[in-house]
Amino acid sequence: MSIHSEDSRRVTTHRLLEMKHRCEKISMLTAYDFTMGSIVDQAGIDIILVGDSASNVMCGNITTLPITLDQMIFLAKSVVRGVKRALVVVDMPFGSYQGNSKEALSSAIRIMKETHGDCLKVEGGEEIIESVKRILSAGIPVMGHLGLMPQSINKYGSYTVRAKEDIEAEKLIRDAHLLEETGCFAIVLEKIPAALAQRVALELTIPVIGIGAGGGVDGQVLVLHDMIGLTQNFSPRFLRRYANLQAIMNEAIEHYVADVKSGFFPNQNEQY
Ligand code: KIV
């Protein structure tokens, strides 16, 4: 039985704020399709992120950059159909909001109209603040994302821990405050020192969700396929694998192949 079975009310941005204020940790996972979305939702997750990590996990790209607005919309629509309780956040893909705020708003409106997701997530601080303001002005809730921002991988050159140096840490703190003042309802902090993430979570009144940012924040997010062990070639220190589904699937599929080859499947009861 899910720990949330007694509370089947939909999660809203307002309820997330209340959770922060009563120090209840927020749980968040990615999902990219109907089946996974409904499994994750039924297990009692608070937020489902239709992440642009779908570019890696679902499409096999090396980075998140190639995934398109149309592809994100296709995936998000499928997830939303499977979700009854969790708040569904959809990542705005690379190139759909950085150009100018007008373009950002039309991408945002397309996602909201076509997917029926609840909110959007964007990467960056000061550089994209006009886009954030314009999207918010249309009544669309926005989640920020600072620290390691995979859409900027070509600027960084690697996926190492961000904001270890003072200058970058100070900019991150400024950006976090700016996103809060502009009206974001929450922020994701990715792969930064735990002490810095805790400081940001303490200073902000909105929820701060971490991935590789330690336990001092208001909630945690992981990529579903990594935490259930469907992917095996990605093992950063922050990743805890709660299952090894790749091994379970391999065994099941090998068993099926052997049964088909030997004629053991189908049997008398499995035919018409
Ligand atoms: O796309 C994604 O999965 C994300 C999480 C890593 C936060 O942005």
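1. Let's start with the rings: searching the whole structure turns up one aromatic pair. Here, rings of Phe, Tyr and Trp (its six-membered ring) pair if their centres lie within 6.5 Å; planes under 30 degrees apart are stacked, over 60 edge-to-face, and the rest tilted.

2. A word on the model: it is predicted, so local features need pLDDT of at least 70 and side-chain atom pairs pLDDT 80 or more, while totals for chains, interfaces and linings use all residues. Residues are numbered from 1 along each chain as its sequence is written, and side-chain values use heavy atoms, leaving out hydrogens and water.

3. Now find Tyr 156: Arg 162 lies over its face, 3.9 Å from the ring centre. The test asks for NZ of Lys or CZ of Arg within 6 Å of the ring centre and within 35 degrees of the ring normal.

4. Next, the domains. The protein chain is assigned domain 1 (13-241) and domain 2 (244-272), with bounds from an automatic or database domain assignment. Their centres, taken over C-alpha atoms, are 38 Å apart.

5. Where do they meet? Five residues of domain 1 are in contact with four of domain 2 (heavy atoms within 4.5 Å). About 380 Å² is buried between domain 1 and domain 2, with carbon and sulfur atoms giving 54%; buried area is the accessible area (1.4 Å probe) that two parts lose on being put together, summed over both. Ile 228, Leu 230 and Gln 232 supply 87% of the area that domain 1 buries against domain 2.

6. Finally, charges: between domain 1 and domain 2 there are zero salt bridges (side-chain nitrogen of Lys or Arg within 4 Å of a carboxyl oxygen of Asp or Glu).
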